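Hi everyone, thanks for making time this morning. I'd like to walk you through one model, and please have the viewer open while I talk.

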Amino acid sequence: MRRRLPFSPWHLFLFPVALLFALPLVQMVLTSFMPDKEINKFPPRLIPNSIDLTGYQKLLSESHILQWMLNSAIVSAISVVAHLVLCSLAGYGFARLRFPGRTIGFVAVIATIMVPIQLLMIPTYLMFSRIGIVDTLAAAFVPWLASAFGIFLMRQFFLALPAELEEAARIDGCSTFGAFWRVVLPLARPALATLAVFTVLSSWNDLVWPLIAISDDRVYTVQVGLTTFQGTRRIQWQELMAGNVMATAPLLVAFLVAQKRFIATMTFSGLKG
Amino acid sequence: MATGARRDRGAVRRALTGWAFAGPATALVVGLSIFPAVWALFISRTKWNGITAPKDIGFDNYTRMAEDTDLHAAVWHTVVLVALFVPGSIVLGLLVAIALNQRIRFLGFYRTCIFVPYVASAAATGILASFVFNPQFGGANELLRRVGLPPQQFLESTSQAMLVVVLIAMWGQIGFVSVIYLAALQDVPAELKEAATVDGASRLRVFWHVVVPALRPVTLFTAVWQSITALQLFDLVYATTRGGPLNATQTVVYYVYELAFKSQRYGYGSAVAYGLFVFTMLLTLAMIWYSRAKRIEAF
């Protein structure tokens with residue numbers, strides 16, 4: 001049986017802080033079921049009188065929210081697959097293979113971390129418009145196909161992995177790629193999971209690139225859709241909160257299910273990013 | 001001769017294999033970052049609206065920055081943001097981490113509550129925040145009313161808006177900072193703390209003289225990371241105030257966005273972006289230099 005711990009004064013700090021962090025999100029969900037005339041009252045109420053779905057109904061009929069969510073899902077899916085493939089290949093190459101230009105290539109990748117987004121907004125937009133991907137989903141996923149962080153993460157992982165297994169595979173006649181694919185990659189599952197979490201989080205939540213490069217409202221990602229919707233529906237809070245719930249729910253549920261992996265990703269991106 | 005040719009073939013093969021692995025991702029990352037950054041330097045020396053031909057004006061865009069009062073205001077807002085957000089999120093994040101490092105009940109519940117905002121996007125956070133801080137019926141004013149304080153205008157007040165943006169940004173980032181600190185706290189050797197306690201030091205003194213110094217690399221890293229986050233804060237401003245009211249929350253990055261995508265002033269926008277880039281670099285280098293000088297192994 002677990003021993004009951006004595007009451008600690010830390011609760012007096014943690015409880016209000018936890019409330020302050022979680023309550024707005026709880027209110028977001030509850031407000032999405034509350035009619036506007038109930039919302040527009042002071043003092044505000046947290047619990048709706050009854051469950052009212054007009055916010056969701058209006059959101060579905062007045063916006064392309066489902067299309068936006070599908071767009072975001074496509075962007076995230078492509079980003080994750082591309083990240084897993086490209087970054088693990090590159091991470092392995094930089095960690096294990098010897099070839100001319102390896103050092104300079106890796107240094108160039110790491111140097112990109114220093115280049116801030118505001119420097120890239122204008123030329124990237126111009127570049128996207130020259131190659132004709134403005135107003136397409138490609139403008140939202142091309143920036144997330146690979147990342148310096150992803151390459152770095154995978155390289156660190158492969159550096160720490162003992163080389164004996166691959167060497168054995170090579171002696172048994174495996175090609176470099178064969179050894180990577182059949183022996184190394186299955187061992188890299190934890191790193192790949194971390195990378196996938198990071199990529200979903202960044203690509204699903206990204207606002208900058210789709211905002212700059214997409215102005216057709218059928219091609220919006222859910223984040224751009226939300227902020228645009230916010231611009232035209234300043235006071236229809238129920239609808240706005242319904243949109244917020246739909247945009248946040250997928251990651252929220254994923255977080256609650258796989259908290260440990262999420263937190264591992266945050267620790268890694270913090271300490272070694 | 002024959003062995004030389006074989007050796008050459010081997011070298012070519014190795015190069016091809018290596019770049020087949022590393023090439024695609026490297027090309028994408030470098031091509032979407034260093035190439036546009038260099039291009040931006042050329043754009044910053046022109047007057048250009050993106051439609052007519054760009055006109056080369058040398059460094060005029062850079063000298064203009066000295067007289068641009070909108071830019072000066074944006075720089076000031078950014079300084080305020082960094083000065084409040086960085087220490088604020090570090091102190092609170094550390095406090096939360098220490099609390100979560102205790103052996104008490106409901107830890108899982110607390111942890112979930114504190115980390116969950118990190119998952120919400122800036123857009124969703126911003127919309128939610130403009131609801132919570134709504135002056136007429138928002139929860140923030142209700143909280144003030146309960147503790148007997150007068151209602152505030154928050155995001156609609158020129159003097160409070162930036163402060164509220166800082167609070168919102170902290171709400172989204174504290175979870176991240178405290179996870180990092182939590183991991184670091186668990187690495188502080190228990191013997192160190194025990195030794196100090198045996199020597200008769202109070203818990204507060206142990207914390208101040210043993211734990212805080214041991215955390216210094218993490219603190220420095222977090223300071224750099226959070227500074228860069230604050231200097232580049234764009235999406236949250238976009239989703240809460242769009243730079244308003246009366247430009248009170250217009251940060252430098254937001255100003256770059258307005259210049260480029262609202263006023264089509266690509267040349268000047270790029271110059272301002274370069275100004276911020278140079279400043280960020282100098283700040284980062286200064287912090288790295290400080291860590292080297294003080295022998296804090298953060299980087």
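I'll go through confidence first, then the two chains together, then each chain in turn.

A word on conventions: residues are numbered from 1 along each chain as its sequence is written, and chains are lettered from A and ligands numbered from 1 in the order in which they are written. This is a predicted model, so local features need pLDDT of at least 70, side-chain atom pairs count only at pLDDT 80 or more, and totals for chains, interfaces and linings use all residues.

Let's look at confidence. The model scores ipTM 0.88 and pTM 0.89. For pLDDT, which is the predictor's confidence in each residue, from 0 to 100, chain A has a mean of 89, with 96% of its residues at 70 or more. Chain B averages 90, and 98% of the residues there score at least 70.

I'll be naming helices and strands, so here is the rule: they are DSSP runs (H or I, at least four residues, for helices; E, at least two, for strands), numbered from the N terminus. In chain B the highest mean, 95, belongs to helix α4 (residues 69-100), and the lowest, 80, to helix α9 (residues 190-198). As a reminder, where pLDDT is low, the predicted coordinates should not be read in detail.

Now, how many residues does each chain bring to the contact between them? Chain A brings 78 and chain B brings 76, where contact means that the C-beta atoms of two residues, placed from the backbone, lie within 7 Å. On the chain A side, helix α1 (residues 10-31) gives the most, with twelve residues. By class, that side of chain A divides into 55 nonpolar, 20 polar and three charged residues. In this scheme Ala, Val, Leu, Ile, Met, Phe, Trp, Tyr, Cys and Pro count as nonpolar, Asp, Glu, Lys and Arg as charged, and the others, Gly among them, as polar.

Staying with chain A, please find α4 (residues 65-96) and α11 (residues 189-205). Their axes come within 9 Å and cross at roughly 145°; axes here are lines fitted to C-alpha atoms, for helices over the stretch in contact, with angles from 0 to 180 degrees between N-to-C directions. Among the contacting residues are A:Ser76, A:His83 and A:Cys87 of α4(A), and A:Leu192, A:Thr199 and A:Trp204 of α11(A). Which classes make up this contact? There are nine nonpolar and seven polar residues, and no charged ones.

The UniProt record, an unreviewed entry, places "transmembrane region" features in chain A at spans including 138-158 and 179-201. UniProt positions are given in the numbering used here, feature names are shortened, and annotations may be inferred rather than shown by experiment. In the model, residues 179-201 of chain A are 96% helix and 0% strand, with end C-alpha atoms 31 Å apart. Residues 138-158 of chain A are 71% helix and 0% strand, and their end C-alpha atoms are 30 Å apart.

On to chain B. The domain assignment gives domain 1 (2-56) and domain 2 (60-293), with bounds from an automatic or database domain assignment. Taken over C-alpha atoms, the two domain centres are 35 Å apart. Eleven residues of domain 1 of chain B are in contact with eight of domain 2. α2(B) supplies the largest share of that domain 1 side, three residues, and the side as a whole has five nonpolar, four polar and two charged residues.

For chain B, UniProt lists "domain: ABC transmembrane type-1" at residues 75-289, again from an unreviewed entry. That span is 74% helix and 0% strand. Two of the "transmembrane region" spans in the chain B record are 74-100 and 161-185. Residues 74-100 of chain B are 100% helix, with end C-alpha atoms 37 Å apart, and residues 161-185 of chain B are also 100% helix, with ends 35 Å apart.

Finally, two backbone details. B:Gly244 and B:Pro245 are joined by a cis peptide bond, with omega about -10°, and B:Pro245 sits in the loop between α12 (235-240) and α13 (252-261) of chain B. B:Phe106 is not a glycine, yet has a positive phi of about 60°; its place is the loop between α4 and α5 (107-119) of chain B.
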